[in-house]
Amino acid sequence: MTTADGPVIEVVATPGARRVVHEFDRFLGDPRDAASVVPTDRSVELDERREFPVDAIARVDDWGLQRWYVPEAHGGELRDFLVPMMMIRAIARRDLTVAVAHGVTFLGAVGAWITGGTITAAMAELVLDCGPVSWGLTERGRGSDLSNTATTASIGDRVVLDGEKWPINNATRGRAMTVLARSSDQPGPRSLSLVLLDKHRVDARSLATLPKVATHGTRGADISGLAMRGAAVEAEMLVGPPGHGLETVLKSLQLTRPLTTPLSVGAADHVVGAALRFALGHRSAGRPVADLPSARATLGTAVADGLLAESVMYAVSREMHHATQEMALVSSLAKFLVPSTVDLLVRDVTPFLGAESQVFGVAGLGGFQKVARDNRVVGIFDGNSMVNLNMIVNEFGTITRPDEPVDPAVLVDALRRDAEPDGWLDPSRLRLVTRRGSRLLRALPGLVDLLGSGTAAGPARRIASELDRVVAAAAEAPREAMPSPHSFDLAERIALCFGAACAIGVELAGPDVGGAASEIRLAAVLERIAVRLGLQDGSSASASAGRLGDLALQAARDGRRVTVLEGWEDAP
Amino acid sequence: MSLDRAEPATGPREPDDLDLLFGDPREPGPFDYATIVADDEARRVSGTASTLLDEWDAAADLVPAELGGRWVSTEDLVRRWRPVFRRDPSLGMAHGLTTFGAALHVWTAGDEAQRTDVARRLLRGERIASGLHDLDGGGLADDCVADLYGDRWLVRGAVPLVDEADRAESMLILARTASGPGSRSRSLLLWHADAATRPLVDTSERVQTGGLRARRIAAAEFHGLPVPVDRTIGIRGTAAKTARTASQVGRAVIPALAVATVDASLGLAVRYGAERSLYGGSVLDLPQSRALLAGAVADMLVADAFSTVVVRALHVAPKGCRVLTVGSQIVVMQLLSAAMQDLSVLFGSTFYARVAPYDVFEKFLRDLAALAVPDGGGTAAFAPMLPDLPAWLDRTRESVEVDPALFRLGDPLEPLAFDRLASRAGTGDPLGAALRDPVVRAAFAVGGPELGVLERIAEAFEAARHELAALSPEQTGADASPTTLSLAHRLTLALAAAAFAGVCAEAEAASITADPLIREACLRRIEDRLAGRVGPLEPHLVERLAAFAEDRTDRGIRLTLSARDEAPPTRATEGGTI
């Protein structure tokens, strides 16, 4: 680049940041095409054999998706989190195994971007060199209880690691692992450290991989483990200062949890697509399934669930940049709500597809039964639903603090499709506990007011009233080390209300706000949320679902998808 | 084995024989959980278990006693087969239930010669393949056509999903035998494969499934297959009616068997929850984990009561079971699926990344999902019950009493009268009146919260019934609105409560259903579903259910209703350990 053409490149570079998502999608190609990067029949075949998708990963590496895992400041392309999220969604729509296997490097690397320091250069080099980096948090028998970590890191001139990390995504195939280890015998939050272990820079005899675990879904993924027996790494491979491991991990999770939502959103794309194709391609009682009122409602409900997941993913990708200090809560709301919504969507669509939901080995079928199993991975790893609900319960105190006014118009502005974050977020703004919960959640009543009197306003107001009740109940809830099921239930309701705020905000900021399609989408999404909250029964929501079903069927006939992000890639 | 078996048809076998024969699957052995998981991965069933089933004369259970088998009480049959479903549902399907489902059409509509012939074949160990899509499902392919030439049909075309296609000695073929629309255009043909005709059926295109992996499904392509006209099952053109009649037995039996899979899963969850430590305690020390377990236990108990009552209804009220079995199959499988979903959250990563000895739970979850898939695709699951629902409800409008024999679990039953099963509304609803039955209500303490829940469910039942009885034929056809389908769902949920309440009323004092907290919790789960959202149970209800599950598991007793609280000393080492 010369000085002279510099400014020109700058102008072109901004739209390019989004066009790249479109290009990536085109690169991946049509999964029905055996020559594409991730053909469905191949995915199903490898899944059955529990084989790693070597070819697909190599081609994605060649394309260079990993460049969007590294912030610009460290030599990568990452500015806007949504860009890699949309690319991971594009993979997940085709095959979650490939998405999980590639995307985990982002999880393994993010700690370094948060702590900064000299480690960033080593981490960036690894990632840009197609790592892969795995995320070594959990240990056998300890599950999500990270404070109980038994792997030790003896820190001196070098850092000597002892212990086993299991089950870890890419533990065997990965070149490196970011390892959480105990560096002090003293109890308390400063007893753990985070260390980058590059297998190329460690005596191979001090490492042993643990066998691949048979998984329910993503059967081809390398879910295995790594045993470290006096594995010595250079002291500069510490990620952050000694003793700051747990804090770095907790902050990392605030960014990685949103990054898992596109896995579920891609799964939802696949499932909704399968349901629409089924409805258009099959007949029942002599008529196309798509003509049956019950089928249209079932489809509309599925599409609504998919739109909710997409709206939350999008809104949270914006809040990561604009409300970084609230991610402790927002990331847990998203990590609970998105996978559980898509799990629900899968369970609802399964009987609709009947036997087709189960079978494979027939050309074109089989993707559904795979994605139905695969999607469970999102809700279980890197903080399962119980962990995330518990995080929300822990924020009851901040959520219920007297209101700090939020201008909903500011939020809507931030959600506009053409509004782009200024750049990579400032990790120093990450907090372990928020001050006032989530501004997006607090903005729900204001967002509802902006809706005016459209068809979506009714369910929106009911949900806003429910939030009042739930917040009042959360204020009364006892503070317990082990929260009661009642508190978990309140947390789940708060997450659903948060979903409503995301859905409203995203539609209000959309290019077709107030249009018929926008109204139909939002009404169906909000009525579905109201049903899940128990505010109205399912059959009373079937009319709005049926209208959305019609919209989706029409779009499918035209080769399109119903989405709240239509044209996002093309935005200036 | 032969038709002139020496022992009486009712036989000396005790229901739990298979538990003893198979042994404790947690202990190393030829049919232990580790082997079951490995076999599942390899898409096969245990050879050892298959041999044991043969020695146990499993085939005799598939044949009515009057035809030389030992099937008298369907409830006994379910109890005898539950040990299989506590270990490997794939084995249960492959080694019996698939053939059972196909043979039902012969018992229901076949003539004397056909019934005798099929009985003889089954008793010597033969199998019958059949399509996964039955006529109830709706999504019928029209690709299989049979034309009559003299005294035989010539079958051409294909059936997409046939279970046991390449292994069974016979196949039940649903074929179009007349042109034109309508239900009278199809017939059921029974093909007995032999060297001459086998080459005319291509079953080489195998289809695999995510659950019940050992199932051998294939597409069957017929290239001018001759089937003698006297192997038409039932009157020509009546396949739809035959399937509606015959399928109700399978619709009752499969969910009742699936209860055992969930029962085994609950036992695993209790053990996992006690052994696995988390946050300084065990998983089951966490209130939310206990609540998940408790909800799953309650859902399983309701599913057990409802499915068993429906199985008994096949004998006690055969003419009222068509509508009932369509609804109960869906609701029971929904309850069981919900329980498995809750348990999968409790197991967490141990479910997803399988860890022995709990890895079999992951298989159970997939198998149950496969069992829960209704036969046909495309229409909402309750649609097949709608056309007959108004008449079914109307015919019992005045009735306030129900036959207590429905609820006396374990009481002997007369042989199933296939000729009395109805293909339509029949004699009406045998069960709903239990919600208002004075005897049932008298068993609930006056003023107790459980009676309050029961009364509210009874009101919901009346409201749904009132609306459904008034529906016109246009409203119950293919164009049925989601609202109508949802009413059918609500009605069936209330019927589940009716079954549970009836079982409570007739249970012995020692039964778990005599416990007022258990009663309240189980009915609450139904009430929540009627309201559209399953919320958390009150802490004292959670505690009671969880304690029940822990206590039974500790003592090696199953959680199902048929298990007695005091394990018989001779079987102290088996049974509920699974």
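Two strands pair if DSSP finds at least two bridges between them. Strands themselves are DSSP runs (E, at least two residues), helices are runs of H or I with at least four, and both are numbered from the N terminus.

**Ground rules.** I'm working with a predicted model, where local features need pLDDT of at least 70, side-chain atom pairs count only at pLDDT 80 or more, and totals for chains, interfaces and linings use all residues. Residues are numbered from 1 along each chain as written, chains are lettered from A and ligands numbered from 1 in the order written, and side-chain values use heavy atoms, with hydrogens and water left out.

**Entry 1: strands across the two chains.** I looked up strand S10 of chain A (residues 359–360) and found it antiparallel to strand S7 of chain B (residues 206–209), over two bridges. A:Val359 has B:Thr209 as its bridge partner. S7(B) also pairs with strand S8 of chain B (residues 217–228), again antiparallel and over two bridges.

**Entry 2: the whole interface.** I checked contact (heavy atoms within 4.5 Å). Chain A puts in 66 residues and chain B 61. About 4900 Å² is buried between them, with 58% given by carbon and sulfur atoms. A:His216, A:Gln358 and A:Met386 supply 13% of what chain A buries against chain B, more than any other three residues. Buried area here is the accessible area (1.4 Å probe) that two parts lose on being put together, summed over both.

**Entry 3: charges.** How many salt bridges cross the interface of chain A and chain B? The rule finds seven, taking a side-chain nitrogen of Lys or Arg within 4 Å of a carboxyl oxygen of Asp or Glu. I picked out A:Arg287 with B:Asp479, whose closest N and O atoms are 3.1 Å apart. Helix H18 of chain A (residues 485–508) gives the largest share of chain A's side touching chain B, six residues.

**Entry 4: one serine.** I found B:Ser282 in strand S11 of chain B (residues 281–282). B:Ser282 is buried, because its relative accessible area is 13%. Leaving aside neighbours within four places in sequence, B:Ser282 is in contact with B:Gly273, B:Ala274, B:Arg276 and B:Ser277.

Key. Buried means under 20% relative accessible area, exposed over 50%, partly exposed in between (1.4 Å probe, protein chains only).
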